[in-house]
Amino acid sequence: MTEDRRSSALSVYLRALREVRRFWPHLALILAMGLAWTPIALITPLPLKIIVDNVLGSAPLPGYAAWLPSWMTGTPDAIFAVAIGLAVLIAVLTLAHKWIDWIMRENVAERMVHGFRGKIFARALEISAPGRDAAATQDVAFRITNDSPALQWTAIYGFIPVINALVSLAGMLWVTAAISPKLAVIALATSLPVIGLVHVTQGRLRRRWHEVREKDSIAQCQVQEVLGNLRVVTTFGQEKREVARFLEHSRTAVRARLRVIRTEGIIGAVLGLATALGTTAILWLGVSDVRTQILSVGDLLLVMGYIAQLYAPLQQIGMHIAGQQQAVASAERAFGLLDRPVTIRDSAGAPARGPAIGDVSFDRATFAYPGCVPTVRNACLDVPAGSCVGIVGRTGAGKSTLVNMLIRLLDPVEGRILLDGVDLRDWRLEDLRRQFAVVSQEPVLFSSTIAENIAYGRSGASMDEIIDAATRANAHEFISRLPDGYGTRVGERGTRLSGGERQRVALARAFLKDAPILILDEPTSAIDSETEAGIVASMERLMNGRTTFMIAHRLNTLRNADMIIRIEDGAVLVERPMAIGEVRAA
């Protein structure tokens, strides 16, 4: 996104190499394999020279053929056989080199991207916070899925092809210069200015590729948003509108991509023109040297073969610099996600802790988003273990913010929150999150089986424990009637179950987790009164002996609460104080 810091291409390549340091030995092998191509390339035109000069012509064999036995060089037919054998050997070596090089690169690239995706996904979970808008979340998903593969194009295809091309270029120039220095100078002189042009334009190309990736991300975000709210879209008959909106986003991405393609096309055309002019000039001078017997026909063919291979690495360097800007832009976006600060983290030296008793205290806790008025202001509240606190207030008053600070999805900007007398920031996050079970208004289920959803908060639970939790949540009966019972897959976000069934599965999940603190966020507001009665009975069993925070709009839902607080404009007001001895017994 636009807030990401732009870096030089070199710094992006170096960052990519640091990210894959455990693959450095593999990258060294890939580099060595690439360098092994240079001697193969140098001998590739040799069979043609031998055939022209020593088989069709009568020139003596060059000095480097002195090590061959006489039976291989005694007659033109023997020399021809050697040349054909050498050509076949070169072809086999070329195929073997390409195959091994491809296998090595792809193997390392896939493993590299796999690990990198996992790393940035983990960072995305660390930096996630309540209040993140859907577009930002979907852009993060785009970076994980679409931008992370750029790591292989920067780490593997960043330096390595350039180094290989430079070594190959040096070898070709050296051999060509040994045959005809002036032809080598012409070849180099006609290409280096073009490489300079490519280097100058790479910054513009990278900026344009940034624009393309951002436009692509916006289009994909809209697709995910519409598919995630498909029921609303179809209910209001807005399919054509959403298709038109998507096509408009896609059209802007296409325009941005075409601008990049035009620039790259111009660079390719200039490179091709320079290559054609250089080849023509070298051929004209080479034929002149053949006529004056400075070069033999075989030498000219050898030089032309080397020139063709000399231009290849020059063009490779030029187009590589241009084409790599897409990968650099994507890598910057992926690194930008890794570089975002983690605001909620473990304090250094925080000790491991077991189950909490459940005493909660808000000590002048205040939270405000940057540049905004406080959502919760100076909250002071003491909640003994085992008590039930009802939280009321209009939509947007700060109820969820108060609870999110308790779970430590947000940290107070002032004051503190204590659990069992310990500041939440002195708890390890892993230990702290084990102390809470949450049942929300819209229970979130994953597209796996019912059993896996119930056991989500307690991995490794036995089937007997899962069934027991479902029974206590009044869910076992309806689960047993399903075709696959606890093995029934619930579909994306649990769409194959009714609202009441999803809520019972969420309650079963809370029963199985058996956490000392329970958070109920409007758990019955989206279900009918008949279903509500059964769920309320399950909730009361779940609340027994646990510190409970219940968010509700209807006061009758909180009739059994030990304390009721109202949040208005960030202020936390106690409407029903907790009387001595009113705390529920375990």
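Is Lys 399 buried or exposed? I looked this up and found Lys 399 at 8% relative accessibility, so I count Lys 399 as buried (under 20% relative accessible area is buried, over 50% exposed, in between partly exposed, with a 1.4 Å probe and protein chains only).

Ground rules. I am reading a predicted model, in which local features need pLDDT of at least 70, side-chain atom pairs count only at pLDDT 80 or more, and totals for chains, interfaces and linings use all residues. Residues are numbered from 1 along each chain as its sequence is written, and side-chain values use heavy atoms, with hydrogens and water left out.

Entry on Lys 399. I placed Lys 399 in helix α15, residues 399-407 (helices are DSSP runs of H or I, at least four residues, numbered from the N terminus). The Lys 399 side chain reaches the backbone oxygen of Gly 393 at 3.0 Å. Setting aside residues up to four places away in sequence, I listed its contacts as Ile 391, Val 392, Gly 393, Arg 394, Ile 551, His 553 and Ile 567 (contact means heavy atoms within 4.5 Å).

Entry on α4. I went through helix α4, residues 46-56, and found 9 of its 11 residues buried, so the rest of the structure largely encloses it. Among the buried ones I noted Lys 49, Asp 53 and Asn 54.

Entry on α2 and α9. The axes of α2 (residues 24-35) and α9 (residues 159-179) come within 9 Å and cross at roughly 30° (axes are lines fitted to C-alpha atoms, for helices over the stretch in contact, and angles run from 0 to 180 degrees between N-to-C directions). That makes α2 roughly parallel to α9 (under 35 degrees is roughly parallel, over 145 roughly antiparallel, 65 to 115 roughly perpendicular, the rest oblique). From α2, I saw Leu 27, Ile 30, Leu 31, Gly 34 and Leu 35 meet Ile 160, Ile 163, Asn 164 and Val 167 of α9. I sorted this contact by class into 7 nonpolar, 2 polar and no charged residues.

Entry on α9 and α10. I then followed α9 to α10 (residues 181-189), where the axes come within 5 Å and cross at roughly 140°. This makes α9 oblique to α10. Leu 173, Thr 176, Ala 177 and Ile 179 in α9 meet Pro 181, Ala 184 and Leu 188 in α10.

Entry on Asn 146. I found Asn 146 in helix α7, residues 134-147, and partly exposed at 30% relative accessibility. Apart from neighbours within four places in sequence, Asn 146 is in contact with Arg 213 and Gln 220.

How values were computed:
Helices (H or I, at least four residues) and strands (E, at least two) are DSSP runs, numbered from the N terminus. A polar contact is a pair of N or O atoms within 3.5 Å; within protein, one must be able to donate a hydrogen and the other to accept it, and residues adjacent in sequence count only if both atoms are side-chain atoms. Ala, Val, Leu, Ile, Met, Phe, Trp, Tyr, Cys and Pro count as nonpolar, Asp, Glu, Lys and Arg as charged, and the others, Gly among them, as polar.
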